[in-house]
Amino acid sequence: MALFLLFEAANGYALFEAHGIDEIGQNTEAVRNSVTDLNRFGKVVKLRSFNPFTSALDALEQVNAVTEGVMTDELRTVLETNLPKVKEGKKPKFSLGVAESKLGSQIHDVTKIPCQCNEFVGELLRGVRQHFVDSVGDLKPGDLIKAQLGLSHSYSRAKVKFNVNRVDNMVIQAIFLLDTLDKDINSFSMRVREWYSWHFPELVKIVNDNYLYCKVAKFIEDKSKLSEDKLEGLTDQVGDEDKAKEIIEAAKASMGQDLSPVDLINVHMFAQRVMDLSDYRRRLYDYLTTKMNDIAPNLASLIGEVVGARLISHAGSLTNLAKCPSSTLQILGAEKALFRALKTRGNTPKYGLIFHSSFIGRASAKNKGRMARYLANKCSIASRIDCFSENGSTIFGEKLREQVEERLDFYDKGVAPRKNIDVMKSAIEIADNKDTEMETEEASAKKSKKKKQKATDEDDMAVDNAAEVTNGDATEDHKSEKKKKKKEKRKVDLEVETQDPSVDEGANGDSSKKKKKKSKRMDVD
């Protein structure tokens, strides 16, 4: 039986015919060893036809169709013109070797050409790929490399779906910055405490919060100037009148040393910087929560925004976290302890970054490991849903959180939890109902828009008709007014004629004079 090979190059379709396969061997190992020898391989596998692509866009469309297992019209014409015809009712005496099994099944369904895709065909196609430039005489080595480079760029650009709202790199950078800000704000606030305590040491015991301490130190500045007049402003800063009075009394009997105005200005500026950093940290936390709700809403609703962001940053991306099994996710962040335990043959750690979740803190000491294993299982499910689902929602995360709560009650009180199948079914039903509601809302919104447009069009038509009617009435009224004016003029003229006969006489005299003048002119002529 003759064997043909279909090779999809970057610049066209190529059909090869294999003759005398016994010379290179029937086994895959024999073919693998003989592929490197061009003289031996070229005698067996020879080029039958080469059909180049018309343009780079055509090449991209053909390659996309091949990867999806779809046979295009161009590929069908290439196969039907260069391969023997398949007669109905008879077995074909040839077969076509392809690299993709889906494409082979599509070719067989449409054209009835028998296709095979196995390791033997794969090794033959590997040899064709290696010696493709030498087998096609019109091609130069640089042409194939340029075509491959351009096609790879366009193919990858078309396949990669970039969503601005789901960039997990923003979460990774934000959580790193949040951790560094926590350390810096803590160290800077301690520096403010030590610096200002040289002037007012009693304030440290009264005000415990770092941000509030910087705020009060900035407001007081010089303790000798603090009096009862500043009680209202100090209560606004502290939020408690009794504490403000205590600060004023402590300032009167303070044992601190006096500072120069320059030192107080530096303390004031540094306290302001620490307050600005803490304000920025608060805004950064809000930004992190919004990004986590966009990128991984189920993971955030299950374990929290900060712990979920730490898991994503430690794994490298949301995709890497989704690929991790639950056993790996359980000990993410405890790699040193794990390798130390493996080296010393001790007990392996039970949890890593997942320990910061409130569920493990609420569990008893004997159930912390079991709770960590169960929580890691649910976190892996939530991360996979967030990574591979198109529509982001918190339904599955809320249901998984309910399961973890039920598991806690089971460990503490012995209450039997629900089955995972029932919980997931209810979550899927709720998600489907929400999708249908969204679709109905969109349809109703479209209908309401159409109704509004129709109503506006009808109103416009009514306004136009009214305008036409009013214009017609106006023209009729104008005509009637003209007629009335003419009648009134006629009446006035009649009245004048009846009242003043001299007018008629003057008019008749003038007319007789004109007639005489005309007659004289006629005589002269």
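Tutor: Contacts between residues 24 or more positions apart make up 66% of the contacts in the protein with a separation of 6 or more, where contact means heavy atoms within 4.5 Å. The model is predicted: local features need pLDDT of at least 70, side-chain atom pairs count only at pLDDT 80 or more, and totals for chains, interfaces and linings use all residues. Residues are numbered from 1 along each chain as its sequence is written, and side-chain values use heavy atoms, with hydrogens and water left out.

Student: How many helices and strands does the protein have, and what makes a run of residues count as one?

Tutor: The secondary structure comes to 24 helices and five strands. Helices (H or I, at least four residues) and strands (E, at least two) are DSSP runs, numbered from the N terminus.

Student: What is the order of the strands in the sheet, and what makes two strands a pair?

Tutor: The order is β3-β2-β1-β4-β5, an open sheet of five strands with mixed pairing. Two strands pair if DSSP finds at least two bridges between them. Seven bridges join β1 to β2 (residues 12–18), and these two strands run antiparallel. Four bridges join β1 to β4 (residues 94–97), and here the strands run parallel.

Student: Why are β3 and β5 said to stand at the edges?

Tutor: β3 (45–52) and β5 (115–116) each have a single partner strand, so one side of each is left without a neighbour in the sheet. Helix α6 (residues 119–130) lies across β1, β2, β3, β4 and β5, and runs at about 55 degrees to β1.

Student: Why is His199 called buried?

Tutor: Buried means under 20% relative accessible area, exposed over 50%, and partly exposed in between (1.4 Å probe, protein chains only). His199 has 0% relative accessibility, so His199 counts as buried. Buried residues make up 35% of the 525 residues in the protein, and β1 (residues 2–9) is mostly covered, with six of its eight residues buried.

Student: What surrounds His199, and how do you know that its side chain makes a polar contact?

Tutor: His199 lies in the loop between α9 (168–197) and α10 (203–206). Leaving aside residues up to four places away in sequence, His199 touches several residues, including Glu221, Asp222, Gln257 and Leu264. A polar contact is a pair of N or O atoms within 3.5 Å; within protein, one must be able to donate a hydrogen and the other to accept it, and residues adjacent in sequence count only if both atoms are side-chain atoms. The side chain of His199 reaches the backbone oxygen of Gln257 at 2.9 Å.

Student: Why are Lys112 and Glu221 placed in separate accessibility classes?

Tutor: Lys112 counts as exposed because its relative accessibility is 53%. Glu221 is partly exposed because its relative accessible area is 34%. Lys112 is in the loop between α5 (101–111) and β5, whereas Glu221 is in the loop between α11 and α12.

Student: What is the phi of each of these two residues?

Tutor: Phi is near 65 degrees for Lys112, a positive value in a residue other than glycine. For Glu221, phi is near 60 degrees, again a positive value in a residue other than glycine. Most residues other than glycine have a negative phi.

Student: What caps the N-terminal end of α11?

Tutor: Asp209 does: a side-chain oxygen lies 3.3 Å from the backbone nitrogen of Leu212. In α11 (residues 210–220), Leu212, Tyr213, Cys214, Val216, Ala217 and Ile220 are buried. These buried residues pack against α9, α10, α12 (231–238), α13 (241–252) and α14.

Student: Why is α14 described as roughly perpendicular to α16?

Tutor: The axes of α14 (residues 261–295) and α16 (residues 305–315) come within 10 Å and cross at roughly 70 degrees. Angles under 35 degrees count as roughly parallel, over 145 as roughly antiparallel, 65 to 115 as roughly perpendicular and the rest as oblique. α14 is therefore roughly perpendicular to α16. Axes are lines fitted to C-alpha atoms, for helices over the stretch in contact, and angles run from 0 to 180 degrees between N-to-C directions.
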